[in-house]
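Here is a short tour to read alongside the coordinates. Keep your viewer open and follow the headings in order.

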Amino acid sequence: MAHQGGKAFGALKTRQEEELSSLNEQYLHSGDWDDVEDLEEKLESYKKQFMEFDENNSGDIDIMELKRMMEKLGQAKTHLELKKMIAEVDTNNSGTIHYHEFLTMMLGKANSILKLILMFEEKKKAKDIPKGLPPKKTLSDLP
């Protein structure tokens, strides 16, 4: 793989984001996903997740990218488990997860292992962490 830097990498990322945004628009206007709440926000969130995990900007997540993604999420998997996760989602038998397959998995009714892990991580991130100093306590506040 030829590593890109600087302007070439920025252009590659921009082009990928435009392509994924175009696919998001298709999902928004297709009518197939009208029953999904907050569809636009979910699509934007899924686009960011996909771009984070598609390390080489190829437009799909291969087994090594999936492996690193699972390790980042603290859910290291064996090679066989990763292959099974891809097979659950891969509708065109390419051995990778394309963006439309990723969206179908995340928006669809079926629960794949990968979807469950990603949803769990999203909920874990969403917890409100108290900011600032804790409130002052007095002796009367104690039990």
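## A covered helix

Helix H5 is mostly covered, with seven of its nine residues buried. In this predicted model, the buried positions of H5 are Tyr99, Glu101, Phe102, Leu103, Met105, Met106 and Leu107. Two of these names, Phe102 and Leu107, return in the next section, among the residues with the most contacts inside the largest nonpolar core.

## The nonpolar core

The largest nonpolar core brings together 30 residues. Those with the most contacts inside it are Leu66, Met69, Met70, Phe102, Leu107, Leu114 and Leu118. Two or more residues each come from helix H1 (6-30), helix H2 (39-53), helix H3 (63-72), helix H4 (79-89), helix H5 (99-107) and helix H6 (113-126).

Leaving aside residues up to four places away in sequence, Met70 touches Gln75, Ala76, Lys77, Leu82, Met85, Leu114 and Ile117. One of these partners, Leu114, is itself listed among the core residues with the most contacts.

## A buried asparagine

Now move to Asn57, which sits in the loop between H2 and strand S1 (60-61). Is Asn57 buried or exposed? Its relative accessible area is 11%, and because the cut-off for buried is under 20%, Asn57 counts as buried.

What does the side chain of Asn57 make a polar contact with? The partner is the side chain of Lys13, at 3.2 Å. With residues up to four places away in sequence left out, Asn57 touches Phe9, Leu12, Lys13 and Gln16.

## The overall fold

Stepping back, the protein has six helices and two strands. Along the sequence they follow the pattern α-α-β-α-α-β-α-α. Among contacts with a separation of 6 or more, 53% join residues 24 or more positions apart.

Of the 143 residues, 32% count as buried. The protein exposes about 9,800 Å², and carbon and sulfur atoms supply 56% of that area.

## How confident is the prediction?

The average pLDDT of the protein is 81, and 90% of the residues score at least 70. Among the elements, strand S2 (residues 97-98) has the highest mean pLDDT, at 91, while H6 has the lowest, at 71.

Technical notes: Residues are numbered from 1 along each chain as its sequence is written. This is a predicted model: local features need pLDDT of at least 70, side-chain atom pairs count only at pLDDT 80 or more; totals for chains, interfaces and linings use all residues. Side-chain values use heavy atoms; hydrogens and water are left out. A nonpolar core is a set of buried Ala, Val, Leu, Ile, Met, Phe, Trp, Tyr and Cys residues joined through side-chain atoms within 4.5 Å. Buried means under 20% relative accessible area, exposed over 50%, partly exposed in between (1.4 Å probe, protein chains only). Helices (H or I, at least four residues) and strands (E, at least two) are DSSP runs, numbered from the N terminus. Contact means heavy atoms within 4.5 Å. A polar contact is a pair of N or O atoms within 3.5 Å; within protein, one must be able to donate a hydrogen and the other to accept it, and residues adjacent in sequence count only if both atoms are side-chain atoms. Accessible areas come from the Shrake-Rupley method with a 1.4 Å probe; for residues, only the protein chains shown count as cover. pLDDT is the predictor's confidence in each residue, from 0 to 100.
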